[in-house]
Amino acid sequence: ACSNDIEKAETKASDETTANAPVENEDVNMTIAVNAEIISLDPHDISDTLSGSATSTMYEPLYDYKLDMTLEPTLATSYEVSEDGLEYTFYIREGVKFHDGTPLNAEAVKYNFDRVTDKEKNLKRRRNLLHVVSTEVIDEYTLLVKLDAPFAPMLNRIASISIISPAALEKHGDKGIITNPVGTGPYVFEAWTPGDKMVVRTNENYWREGPKIDTLTFKPVTENGARIAMLQTGEADFIYPMPAEQVKAVEGDKNIEIIEGPSTIARFTFLNMSKDVFSDVRVRQAINYAIDKEAYAKVVKAGYAEPLTSHVPSTINYHAPQPEYEYNLEKAKKLMAEAGYPDGFKTHVWAPNDTENMKGMQFIRQQLAEIGIDVEVVPMEEGTLSDSIYKAQTPEESEVNMWYVSWSAFDFDGATEKLFHSANIPPTAPNVSYYMNPEADALIEAGAVEVNPEKRAKIYADLQEIIWNDAPWIFMGSDVLLAAERNTTEGIFVDPSGGIIATEASTSK
Amino acid sequence: MSEKLLDVKNLRTEFNTDKGSLVAVNDVSFYVGKEEIVGLVGESGSGKSVTSLSVLRLLPEQGNISAGEVFLEGKDLLKMNKKDIRNIRGRDIAMIFQDPMSSLNPVLRVGEQLMECTKLHLKYNNSEARKHAINMIKRVGIPVPEDVMNRYPHQLSGGMSQRIMIAMAMSCNPKVLIADEPTTALDVTIQAQVMELMLELKEKNKIGVLLITHDLGVVAEMCDRVMVMYCGRIVEMADVVSLFRNPLHPYTKGLIASVPKIGRNTDTLPYITGRVPDLSQMPKGCKFAPRCSKAIEKCHREEPNLIDIGSNRQCRCHLIHERSEINE
Amino acid sequence: MEEVKMQEAKHEDFKIENPIKEFVRKFLKKKSAVVALGFIFFLVILAIFEPTPYDIDETDYDNILSEPNSEHFFGTDEYGRDVLSRIVTGTRLSLSVALTAVTIGAFVGSVLGIIAGYYGGLLGSLIMRFCDILFSFPGLLLAIGIVAIIGPGLTNVVVAISIYGIPTFTRIIRSATLSIKELLYIEASRSIGVSDTRLLVKHVFPGTLPSLIVAYTMRMGTAIISASSLSFLGFGASPTNPDWGAMLSTGRDYIGVAPHMLLYPGLMIFFTVLAFNLLGDGLRDTLDPKLD
Amino acid sequence: MKQYVLKRLLNIIPIMIVVSIIIFMFIHLIPGDPARIVAGQKATLEEIEIMREQLGLNDPYIVQYKDFMLGIFTGDWGNSIKTGLPVWKVIIPRVKPTLILAIFSIVWSVIAGISIGVVSAIKRGKLLDYIVMIGASSGISLPLFWLGLMLMQIFSVKLGWFPTTGVDSLSSYILPSITLGAGITAMIARYTRSSMIEILKENYIRTSRAKGLSEFIVINKHALRNSLVDVITIVGLQFGFLLAGSVLVETVFAIPGLGRLLIDSILFRDYTVVQTVLLIFTFQFIIINLIVDVLYGVANPKIRYQ
Amino acid sequence: MSNPLVELKDIYKTFLASKTLFGEDKYVHALNGVSLEIQSGETLSIVGESGCGKSTMGRILNKLLHPDSGEVWFENKNITDYTSYQMKSIRKKMQMVFQDPYGCLNPRMKIKDIVGEPLLVHTNMSKKERYKTVIKLLETVGLNERHAQGYAHEFSGGQRQRIGVARALSVKPSLIIADEPVSALDVSIQAQVINIFKKLQKEFNLTYLFISHDLSVVEVISDRIGVMYLGYLVEITTKEKLYKDPMHPYTQALLSAVPIADPMHKRKRIILKGDIPSPIDMPKGCPFSTRCMYAKDECFETIPSLVEVEPGHKVACHLKSL
Ligand SMILES: Nc1ncnc2c1ncn2[C@@H]1O[C@H](COP(=O)(O)OP(=O)(O)OP(=O)(O)O)[C@@H](O)[C@H]1O
Ligand SMILES: Nc1ncnc2c1ncn2[C@@H]1O[C@H](COP(=O)(O)OP(=O)(O)OP(=O)(O)O)[C@@H](O)[C@H]1O
Ligand SMILES: [Mg+2]
Ligand SMILES: [Mg+2]
């Protein structure tokens with residue numbers, strides 16, 4: 001019954017369009033095949049990148065990221081911060097209308113901010129506005145946001161809050177909005193079958209220049225081979241991610257273009273410092289010396305990875321490059337010997353049980369074997385893995401030794417605080433290195449409230465050096481994002497966080 | 001018994017098995033005349049069923065008829081093409097089998113199975129076939145035929161099933177009926193009913209019947225002429241009275257002697273030692289020689305032929321001419 | 001004339017094959033089964049001696065994903081490891097996973113099946129309901145669920161596969177037991193006064209053996225497929241093990257680049273399972289148990 | 001017969017209750033906190049705690065089970081933990097693809113399986129039989145996912161005959177149903193063959209031949225009908241295989257069906273969806289078995305008239 | 001008479017034929033109030049058509065089945081409710097021989113193990129002793145040491161039946177229950193087995209309950225004969241009386257239906273009408289009333305009981321007992 005939704009929606013749409021527009025089957029459609037399912041279309045209650053990409057076709061925030069990870073005014077035209085960093089004033093863009101025809105104004109934005117900060121609703125994006133105590137409408141297009149403490153990455157967090165039509169929210173309710181999105185974005189919602197494809201149609205009344213196609217489809221295709229096959233047959237115009245291993249297979253295909261770009265994704269391995277062996281910085285450094293990052297990029301990432309030169313990828317603002325842990329077995333062995341482990345030791349590495357992660361773990365095992373460390377590879381199903389990690393209430397209870405994982409964030413604080421602050425050891429947050437360095441804690445805290453960019457840069461540079469030298473991780477690399485498209489495809493991009501931007505999509509097919 | 005309806009000559013049937021080719025029926029010749037019941041007796045495995053199946057070429061696929069002729073009114077059934085032989089089956093020669101319960105298709109109604117035959121051979125339409133079938137059921141002595149028509153085989157008793165089989169066999173008015181142990185699976189009181197029915201049908205329809213059985217009692221009560229089979233060969237043939245009164249072949253003698261007879265009151269029964277040899281391990285000479293107390297050296301060496309000894313009797317024994325020895 | 005007393009004949013006894021010889025002779029007639037047995041034998045040899053040209057963990061990052069060539073007959077994988085060597089070594093793993101899983105399943109299943117078939121009653125119905133319920137979960141899902149609960153890894157794969165093999169064996173053995181129970185020789189033994197235990201062990205159980213052997217062989221194939229499916233979905237053996245299913249699972253990521261990584265483990269699974277199935281067919285034809 | 005069906009239907013209730021308990025235990029035995037998974041790595045502890053409270057995960061198991069069972073009977077199956085949508089909204093769109101896939105697969109496998117089985121039974125021991133049966137054995141020896149990937153490479157990518165993935169047209173179902181049906185066809189073919197071989201030895205087949213019926217009628221009317229009685233049961237058993245296989249096939253061909261939903265939901269610890277889907281699966285399996293048993297009874301007069 | 005070796009007292013036995021959810025379950029009435037006794041050393045034969053309850057009677061006697069009601073006495077002990085442990089000692093004295101010589105021997109055991117099994121269960125002979133005994137037993141039934149190593153399928157029906165007899169004899173029982181021991185055999189072989197039965201009876205002073213459906217076989221071996229019909233014992237008397245002067249109409253019909261292997265012996269057969277009624281829906285009155293040519297009103301109404309019409313001759317018929 002419900003799977004007919006798409007067809008129904010399509011016929012409905014054509015009914016509407018026959019009055020003034022060409023017939024339905026002349027619609028230009030583009031299909032983006034992705035590797036996971038869209039979980040929800042409520043932009044306030046999602047935490048995965050893909051749902052973010054999907055909602056961003058229909059919704060926009062006040063400020064939005066450009067491809068280079070800088071922020072540009074979107075539904076706001078500008079903003080001001082008070083001296084103490086506690087009050088943000090946003091000037092809302094005039095003349096923008098939601099898809100349902102209602103106008104965008106400060107009231108509407110306040111409605112959204114209030115929704116997100118409502119503790120009762122417990123929406124996932126609330127964590128981004130934790131510092132917001134209140135929002136006030138100053139006038140029709142001016143909004144005041146008050147914080148309880150200065151918070152440097154505030155604007156980045158504001159960028160994560162898309163604005164939903166309050167009228168639609170009133171009409172559909174908190175659950176109903178999931179399947180009836182109404183925003184201001186370049187596309188209007190058309191149909192979505194949970195678990196299957198989502199279709200959006202170009203917004204004719206978009207406030208700036210929009211896409212040059214009629215409909216855009218997001219289609220989840222988890223099997224890598226199938227996704228590529230779709231691109232090869234032209235069933236998909238754009239696929240993301242493009243599995244790095246298979247780039248060679250499509251390289252010869254004239255119809256297909258590979259798109260690569262830097263990412264905000266860091267790949268690393270937590271070394272649980274509460275465990276004896278890893279409590280010694282020499283061991284941690286030795287391990288970092290023992291891993292051949294180039295080989296890692298080549299073997300595990302099929303050549304599509306860059307070495308990490310800090311704990312944050314170079315795409316993140318305030319990134320300060322550190323001296324490389326070059327591949328040096330001699331040095332590694334020496335450090336191991338100094339630390340009292342000339343013959344190495346036994347340990348294990350955990351990661352989810354998908355092929356990608358298993359490959360990474362195997363690589364670590366192979367490399368560390370060279371310095372005598374015998375690493376048992378333990379793939380775990382994700383739910384089990386997170387249970388195993390977070391069930392430890394104290395460092396002593398923790399069972400994990402190494403955790404091969406990736407992290408992606410938009411801003412420096414997001415890429416640091418949860419992973420290194422001593423308050424964030426499990427079960428609170430994933431500081432699985434159990435990294436507890438008061439110096440680092442202080443810098444993390446200082447950086448978060450420092451609004452002055454220069455001072456902040458200094459703080460973060462210091463912090464990066466400390467963390468780098470302490471080596472609570474194995475710094476494996478930073479992903480190179482890979483997408484692939486038909487050569488007829490234009491205007492679809494992947495931002496460094498892995499979000500798909502299709503605002504300007506067009507095709508010549 | 002002048003007219004030979006069915007005339008079998010030098011029939012030889014072999015089976016391809018994983019032990020090689022086995023001759024199950026060898027040099028069998030006999031005939032069935034009009035209005036005559038010819039009995040074929042022998043122990044289990046002696047080749048009775050194979051003989052009957054060979055006549056209609058219904059052998060399982062491993063079996064093949066390697067020699068011989070089977071004439072039905074002058075036409076050789078073994079030389080016919082498949083279509084022609086199918087026209088003979090069920091119409092000119094009908095068969096009934098030992099186990100009536102398993103000889104009816106369990107998933108088809110009795111009526112359907114009965115009508116099939118007349119629809120095929122006599123080109124009856126549905127209602128004609130139905131009427132005919134009901135008639136046939138009545139004739140074999142089953143009350144309420146309409147009801148029986150709608151039943152499934154498992155809803156019939158053994159006696160009823162066998163009567164249905166007979167009705168089915170008789171429904172196209174065949175010239176010859178081959179009955180392979182039609183009463184063996186039945187109780188004596190039911191057997192008596194079926195035997196009575198067959199005798200009656202034979203008389204009324206003037207058919208020739210080849211009656212296969214291992215029960216000498218049934219032979220004595222039903223048959224006009226008897227053939228005794230051993231190891232795929234006919235060892236003796238005679239009319240029923242002569243056979244029982246004066247069996248010539250040692251095997252026949254042994255067989256008849258070992259039947260317990262009511263009122264004879266003996267302490268020990270005579271019997272034949274040993275058993276029917278396995279087809280793959282046939283003795284060289286006379287097949288019965290290993291079990292025969294009279295066997296002479298020649299018997300082990302050379303197989304005797306079926307010798308015609310006049311007055312419509314045949315016997316397959318080297319010692320047949322040394323009458324003194326046999327007849328003592 | 002009445003007294004046709006005959007002497008005890010000399011040819012009373014025929015040379016009759018003993019059952020094993022007869023079985024062998026019949027079995028040898030089934031050519032595909034013989035070939036299959038040969039192949040399995042070959043696998044066992046591989047599993048025991050592991051004649052690998054290379055060390056299976058020997059990586060060569062300069063020589064990854066190379067196509068089959070004269071040095072690496074089946075090519076190399078993403079770490080530059082020799083695929084042939086890994087397949088050969090994987091034989092022991094795959095066979096022993098299947099063997100252990102099926103053995104456990106067969107053992108538990110047979111015990112339950114014999115009890116349910118022989119004693120019937122409440123216990124029997126309970127056992128059968130239990131099996132119905134196990135059966136009503138799609139087998140692979142059951143295995144996935146079990147692995148999800150107890151975690152991935154070879155041992156747990158074995159446990160999962162054996163658990164979901166139990167109802168199959170229970171049913172087969174139960175129906176075999178039921179039909180054997182009806183056989184006259186069981187009643188004959190009971191009438192003698194043979195105890196239940198002896199009856200089960202000496203008479204009933206051997207009677208179920210043909211069914212058991214055939215089911216066992218067939219299940220070997222199923223178990224290998226299931227193990228590889230689990231690996232395919234990421235629930236299987238640790239990737240460091242050269243498990244065929246795990247190799248397939250990795251291989252599919254290279255489907256367009258290094259098809260040999262998908263092809264050879266796939267063929268290996270296919271031929272192995274085929275061999276077990278053909279052997280099972282052959283055994284069934286020879287042993288002739290009625291399987292449901 | 002009616003009584004029998006009624007009795008079996010009544011029997012479903014206790015079975016389903018036991019099954020629901022097992023499912024419930026099963027789900028809660030699996031480690032992994034749905035709240036944590038849904039909230040994601042970056043969630044705060046407070047957020048997770050509120051979510052646990054809202055999802056009722058802090059209630060005692062008994063209460064959770066009671067809610068689950070009450071929900072089943074009152075039609076309130078709860079909301080999906082993962083998407084927040086009502087469970088029925090998540091499940092219903094998934095039914096159609098799986099159903100089409102299952103029907104396609106079972107239909108072609110039954111037809112092909114029986115035909116192959118009959119032909120090779122008739123040609124028993126001939127070369128054709130040999131080839132067909134080795135083919136059939138191959139059918140059950142192929143890992144499904146492998147076959148699917150290979151078929152996709154050949155027929156979609158290389159030849160471009162069928163869509164690679166999806167459910168947009170019926171032609172999208174062709175490769176998946178071939179993949180899924182291959183094993184079932186093989187099973188049915190093997191079973192039909194051995195059943196036919198047995199039946200062709202039966203006395204009533206000899207009887208029908210003795211009547212003069214042509215071989216065609218003997219096989220198709222007398223023998224096949226009897227063997228169908230046996231084959232029905234094996235077809236019923238295949239449904240279990242079908243469900244499990246659909247998980248793999250739906251993964252390979254990106255079909256948004258129930259099997260895939262189940263796996264995803266297990267991975268996501270979307271309990272509400274998992275338990276409902278599992279209940280649907282079991283229920284469906286039980287009903288199919290009931291139907292098969294009834295069909296068996298209908299096809300087999302011996303049972304029908306008892 | 002002296003005290004009998006075995007006694008059945010008013011045995012009833014039904015089997016569940018089909019179970020229905022609503023309405024009544026259907027039962028097969030296999031035995032309906034059968035009483036009889038067997039004297040030590042005699043041979044009592046039971047004849048009757050298929051399904052009349054002969055085997056059931058044998059199995060109840062051996063306690064392979066438990067009667068619904070009634071008592072089984074053996075050597076003046078009521079063994080009806082004996083446990084299987086108590087039965088062990090009784091079974092030693094009471095052995096069975098079965099109809100199907102092909103089915104009653106375990107195809108997976110060597111003959112020496114089959115024949116030796118009762119010894120293993122009931123005695124604590126050593127393996128060697130057991131083997132010796134087995135060989136002796138085989139010789140008693142006309143087989144020899146060579147046969148001991150074989151498997152059942154290597155033997156002909158007659159030989160197998162002799163093996164079955166040897167097994168029954170191994171623990172020196174006083175009673176042998178033989179359930180159609182010869183009906184699956186060819187005539188020539190039938191005779192061998194019957195002879196062995198007779199020979200052994202003399203040698204070991206055995207008592208036989210000999211079940212058969214063949215009146216001509218029974219005549220050779222019996223002292224007394226009981227005729228069963230539809231779960232009832234309808235007539236029981238000495239062999240001579242039964243053949244000379246059968247009283248029950250069914251016995252008469254049965255005797256006349258037996259084909260006689262003598263073409264000159266012509267007689268008038270009594271052809272009964274219809275079939276044996278189903279033991280599930282039993283006739284209301286006399287079980288034979290539906291087929292009996294003499295049936296009177298009373299016969300359709302009440303069930304006649306087995307009465308002694310003359311010494312040693314009991315009949316259950318309204319007409320005879322009047
Ligand atoms: N399909 C077959 N393959 C091999 N041998 C066969 C086959 N059918 C019959 N035979 C052999 O042919 C011989 C004769 O069998 P047949 O069935 O004619 O015996 P019969 O006299 O009818 O015995 P019965 O009284 O048991 O019916 C037997 O030795 C049997 O083993
Ligand atoms: N275990 C059982 N379950 C149900 N019915 C049974 C069972 N055993 C016997 N019967 C039925 O009881 C009746 C008597 O059976 P029994 O075996 O005693 O007959 P019988 O006289 O030995 O027949 P036969 O000559 O065929 O051996 C038959 O109708 C039979 O179907
Ligand atoms: Mg025969
Ligand atoms: Mg009996």
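**Entry 1: helix α7 of chain C**

I started at the end of α7 in chain C, where C:Gly193 follows the helix. The phi of C:Gly193 is positive, near 110°. This is a predicted model, so I take the angle as a computed value.

Next I looked at the helix itself, which spans residues 184-192 of chain C. Is α7(C) mostly covered or mostly open? I found it mostly covered, with seven of its nine residues buried. I listed the buried ones: C:Tyr185, C:Ile186, C:Glu187, C:Ala188 and C:Ser189, then C:Ser191 and C:Ile192. C:Glu187 is a charged residue and is among those buried.

**Entry 2: chain A against chain D**

I moved to the interface of chain A and chain D. Chain A brings 52 residues to the contact, and chain D brings 48. About 4100 Å² is buried between the two chains. Carbon and sulfur atoms give 53% of that area.

The rule finds five salt bridges between chain A and chain D. I looked up one pairing, A:Lys119 with D:Glu46. Their side chains meet at 3.2 Å, N to O.

Which elements of chain A give two or more residues to the side that touches chain D? I noted the helices α5 (166-179), α6 (224-233) and α13 (382-390). The strands are β10 (215-220) and β16 (402-408). By residue class, this side of chain A has 19 nonpolar, 16 polar and 17 charged residues.

**Entry 3: E:Ala17**

My last stop was E:Ala17, in strand β1 (residues 6-18) of chain E. Why is E:Ala17 classed as partly exposed? Its relative accessible area is 37%, and the class runs between the buried limit of 20% and the exposed limit of 50%.

I set aside its neighbours within four places in sequence and looked for other contacts. E:Ala17 is in contact with E:Lys26, E:Tyr27, E:Val28 and E:Ile280. I also took a distance to E:Lys77, 60 residues apart from E:Ala17 along the chain. Their C-alpha atoms are separated by 32 Å.

**Entry 4: confidence**

Chain E averages a pLDDT of 86, and 97% of its residues score at least 70. For the complex, the predictor gives an ipTM of 0.78 and a pTM of 0.81.

Key. Residues are numbered from 1 along each chain as its sequence is written. Chains are lettered from A and ligands numbered from 1 in the order in which they are written. This is a predicted model: local features need pLDDT of at least 70, side-chain atom pairs count only at pLDDT 80 or more; totals for chains, interfaces and linings use all residues. Side-chain values use heavy atoms; hydrogens and water are left out. Buried means under 20% relative accessible area, exposed over 50%, partly exposed in between (1.4 Å probe, protein chains only). Helices (H or I, at least four residues) and strands (E, at least two) are DSSP runs, numbered from the N terminus. Contact means heavy atoms within 4.5 Å. Buried area is the accessible area (1.4 Å probe) that two parts lose on being put together, summed over both. A salt bridge is a side-chain nitrogen of Lys or Arg within 4 Å of a carboxyl oxygen of Asp or Glu. pLDDT is the predictor's confidence in each residue, from 0 to 100.
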